[in-house]
Amino acid sequence: MKNQLNLADFDFFRSNFQQQDPLYGYFSAVAGQDGQISADELQRCLTQSGISGSYQPFSLETCRLMINMLDRDLSCTMGFNEFKDLWQALNGWRGTFASFDRDQSGTIEGRELQQAINSMGYSLSPQAMNCIMKRYSLNGRIPFDEFVSCAVRLRALTDQFRRRDTTQTGNASFQYDDFIQVTMSI
Ligand SMILES: [Ca+2]
Ligand SMILES: [Ca+2]
């Protein structure tokens, strides 16, 4: 009689566990045979899932960003665990967006953005907030998909920065090539 689990048992349990996850059926239907979600599959699935509600669907560019941000195994596609992380993050951002869209215009404006960003744990100067408004708003209004795009980049850039800010003082030094790699891939 075996009293120790071997790796094959572990894989069996893990895949059983995944199959019981309600998101898994959905994930595998979207991912198809290769078991990975690409940017265009993600776009289709997010549009069909209705996660953006009455807001405009996500652009392919935003979908690509979302995959890059969570692509821990650097496959350029999204596996099940990465998809679960995304699902959780998206629900969080949708909640933040809805709760800070105080006038219920379906878009986030200047002061609402400041509060939303603070609530996500970032503290940015008015100049940085201005840059974000300029980059993501149309006539001073930020729609949901742009808001998600902004949240994705802010999170990914902050992660990259913190990894290099070894003394945790808000200062990091980048080599030129490293800086280009970080900013061009996000
Ligand atoms: Ca991946
Ligand atoms: Ca609003």
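Predicted model: local features only at pLDDT ≥ 70, side-chain atom pairs only at ≥ 80, totals over all residues.
Me: Where is N139 found?
Reply: N139 sits in the loop that joins helix 7 (126-136) and helix 8 (144-164).

Me: What is said of the phi of N139?
Reply: Phi of N139 is near 50 degrees, which is positive in a residue other than glycine. Most residues other than glycine have a negative phi.

Me: Which loop holds C76, and what is the phi of C76?
Reply: C76 belongs to the loop between helix 4 and helix 5. Phi of C76 is near 65 degrees, again a positive value in a residue other than glycine.

Me: Why does C76 count as exposed?
Reply: C76 has 57% relative accessibility. The cut-off for exposed is over 50%, so C76 counts as exposed.

Me: How do the axes of helix 4 and helix 5 cross?
Reply: The axes of helix 4 (residues 60-70) and helix 5 (residues 80-100) come within 10 Å, crossing at roughly 120 degrees.

Me: Why is helix 4 called oblique to helix 5?
Reply: Roughly perpendicular covers 65 to 115 degrees and roughly antiparallel is over 145. The crossing angle is roughly 120 degrees, so helix 4 is oblique to helix 5. The crossing is right-handed.

Me: Which residues meet where helix 4 contacts helix 5?
Reply: From helix 4, M66, M69 and L70 meet E82, D85, L86, L90 and W93 of helix 5. By class, this contact has six nonpolar, no polar and two charged residues.

Definitions and conventions. Residues numbered from 1 in each chain as written. Chains lettered and ligands numbered in written order. Heavy atoms only, no water. Axes fitted to C-alpha atoms, helices over the stretch in contact; angles between N-to-C directions. Helix = DSSP H or I, 4+ residues; strand = E, 2+ residues; numbered from the N terminus. Parallel < 35°, antiparallel > 145°, perpendicular 65-115°, else oblique. Left-handed = near helix turned anticlockwise from the far one by under 90°. Contact = heavy atoms within 4.5 Å. Nonpolar A, V, L, I, M, F, W, Y, C, P; charged D, E, K, R; others polar. Buried < 20%, exposed > 50% of the residue type's maximum accessible area, 1.4 Å probe, protein only.
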